[in-house]
Amino acid sequence: MKIRLTFTFAILIFILSSCSFGSLNLKDKPFETEDFLMGTVITQRVYGSNAGIAAKEATARMKAIEQLMTINAPGGDINRLNEAAGKNAVVLSPETINLLATAKEYAQMSGGAFDVTIGPLVKAWGVFTDNPRVPPIEEIQRLKKLTDYKKLMIDAVNLTAKLEIPGQIVDVGGIAKGYAGDEVIKIYKKLGIKSAYVNLGGNVVVLGTKSDGKPWRIGIQNPRAENGIYLGIVSVTDKAVVTSGDYERFFEKDGVRYHHILDPKTGYPSDSGLISATIVTDVSMDADALSTSVFVLGLEKGMALIESLKGVEAILVTEDKEVYATEGIKSSFTFSDESKEFKYAEKR
Ligand code: AMP
Ligand code: MG
């Protein structure tokens with residue numbers, strides 16, 4: 001009898017412990033998915049019982065945003081706005097109006113370094129196409145005149161927008177992935193997710209901590225090494241970590257690198273001395289607009305802009321291979337450069 005009881009007890013313990021292992025595994029194992037959307041690879045890693053549903057809903061939401069915001073989708077908001085340039089105002093969805101209004105705010109804040117009416121120049125350079133080219137100077141001078149965010153009129157009450165000059169093109173490539181990141185986090189939260197990571201081609205947003213309760217560790221890409229080789233790690237909880245870099249999209253001609261972030265003042269790829277700008281803040285849309293802004297502004301002006309904003313931190317990399325971090329991020333940033341080519345400038 002005693003032996004049988006001990007045996008039953010042992011089995012019970014075994015079942016209980018395997019149950020708890022089972023649920024632990026379930027909780028610790030993320031639902032992972034990869035999509036090609038918004039012109040980039042998007043990775044989601046979501047923990048919790050609703051993880052699969054949340055990730056799928058997030059993917060559907062990103063697809064919808066892409067339809068609305070891409071230059072190329074006929075019938076999408078941005079496409080309709082561009083088609084009506086110089087002609088009439090168009091009615092847009094509240095989210096597009098909100099995104100455009102935010103884009104205009106950052107245009108003002110950055111003194112025009114960030115400008116979503118950069119479209120004609122982006123098209124002329126064709127960095128994203130199979131036939132990129134260096135446009136003739138006359139063409140650049142002509143198209144530069146179309147890049148003017150002050151000629152993008154927004155009526156937030158009637159939900160309309162208008163491009164004043166014929167030929168103007170809005171390109172929200174510098175802010176839309178950031179916006180999508182915020183929308184993904186909203187979906188996760190709605191479905192009770194407490195821990196998740198989404199990476200929209202260099203725009204990372206994390207919800208909560210990792211499943212083990214520790215902060216997420218996000219690698220800062222070495223701009224001159226292959227993908228996945230880092231210059232350091234930032235440890236963050238509930239944050240967006242967004243990078244703009246000259247290594248993300250570029251072509252080379254006669255030994256010169258022509259990348260995808262253009263300086264509206266020159267019409268050429270930005271040559272501010274920065275080769276990468278990472279912004280760490282709460283809202284991913286802000287981080288995205290700021291990463292592009294700071295990249296174009298350069299080290300001094302970029303740092304001044306970041307330091308004027310509350311709750312915004314930055315890690316900037318110069319072409320001289322120096323790495324700068326704002327005071328507020330230093331304790332969460334570990335510099336570790338395997339290549340030994342970069343120098344961490346602890347003081348500025
Ligand atoms: P990001 O990678 O966020 O810095 O955004 C770069 C993308 O934004 C480019 O691929 C263009 O579509 C667009 N873009 C390029 N230059 C600018 C600029 N100066 N201001 C706003 N958007 C830009
Ligand atoms: Mg950006």
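Author: Begin with a cut-off: a residue is buried when its relative accessible area is under 20%. The model is predicted. By that cut-off, the share of the chain's 348 residues that count as buried is 51%.

Reader: How many helices and strands does the protein chain have?

Author: The C-alpha trace spans about 95 × 50 × 40 Å along its principal axes. Within the protein chain, the count is 9 helices and 17 strands.

Reader: Which strands stand at the edges of the open sheet?

Author: The sheet has 9 strands with mixed pairing, in the order β1-β2-β6-β7-β10-β13-β14-β15-β17. An edge strand here has a single partner, so one of its sides is left without a neighbour in the sheet. The strands at the edges are β1 (31-37) and β17 (343-344).

Reader: Which residue in β7 stands opposite Ala196?

Author: Strand β6 covers residues 196-200, and β7 covers residues 203-207. The two run antiparallel and are joined by 5 bridges. Opposite Ala196 stands Leu207.

Reader: Turn to the ligand. How much of the area of ligand 1 does the protein bury?

Author: Start with the polar pairs. An oxygen atom of ligand 1 lies 2.6 Å from an N or O atom in the Ser244 side chain. For Asp171, the side-chain distance to a ligand oxygen is 2.9 Å, and a polar side-chain atom of Asp288 is also 2.9 Å from an oxygen of ligand 1. Taken alone, ligand 1 exposes 500 Å², and the protein buries 96% of that.

Reader: How many nonpolar, polar and charged residues make up the shell around ligand 1?

Author: There are 16 residues around ligand 1. Those that come nearest are Asp171, Ser244, Leu262, Asp288 and Thr292. By class, the shell holds 7 nonpolar, 5 polar and 4 charged residues.

Reader: Is Thr292 buried or exposed?

Author: Thr292 sits in helix α8, residues 284-297. Beyond residues up to four places away in sequence, Thr292 touches Phe114, Gly174, Ser244 and Ile261. Its relative accessible area is 13%, so Thr292 is buried.

Reader: What separation do the C-alpha atoms of Ala176 and Val198 have?

Author: Ala176 lies in helix α7, residues 176-190. With a relative accessible area of 6%, Ala176 is buried. Leaving aside neighbours within four places, Ala176 is in contact with Met38, Leu99 and Asp288. Val198 is 22 residues from Ala176 along the chain, and their C-alpha atoms are separated by 15 Å.

Reader: Why does Asn222 count as buried?

Author: Asn222 is placed in the loop between β8 (216-221) and β9 (230-236). Outside four places in sequence, Asn222 is in contact with Ile229, Tyr230, Leu231, Asp337, Ser339 and Phe342. Asn222 counts as buried because its relative accessibility is 2%.

Reader: Which side chain makes a polar contact with the side chain of Asn222?

Author: The Asn222 side chain also reaches a backbone atom, the nitrogen of Arg224, at 2.7 Å. The side-chain partner, at 3.4 Å, is Ser339.

Definitions and conventions:
Residues are numbered from 1 along each chain as its sequence is written. Chains are lettered from A and ligands numbered from 1 in the order in which they are written. This is a predicted model: local features need pLDDT of at least 70, side-chain atom pairs count only at pLDDT 80 or more; totals for chains, interfaces and linings use all residues. Side-chain values use heavy atoms; hydrogens and water are left out. Helices (H or I, at least four residues) and strands (E, at least two) are DSSP runs, numbered from the N terminus. Buried means under 20% relative accessible area, exposed over 50%, partly exposed in between (1.4 Å probe, protein chains only). A polar contact is a pair of N or O atoms within 3.5 Å; within protein, one must be able to donate a hydrogen and the other to accept it, and residues adjacent in sequence count only if both atoms are side-chain atoms. Contact means heavy atoms within 4.5 Å. A residue is near a molecule or strand if one of its heavy atoms lies within 4 Å of it. Accessible areas come from the Shrake-Rupley method with a 1.4 Å probe; for residues, only the protein chains shown count as cover. Ala, Val, Leu, Ile, Met, Phe, Trp, Tyr, Cys and Pro count as nonpolar, Asp, Glu, Lys and Arg as charged, and the others, Gly among them, as polar. Two strands pair if DSSP finds at least two bridges between them.
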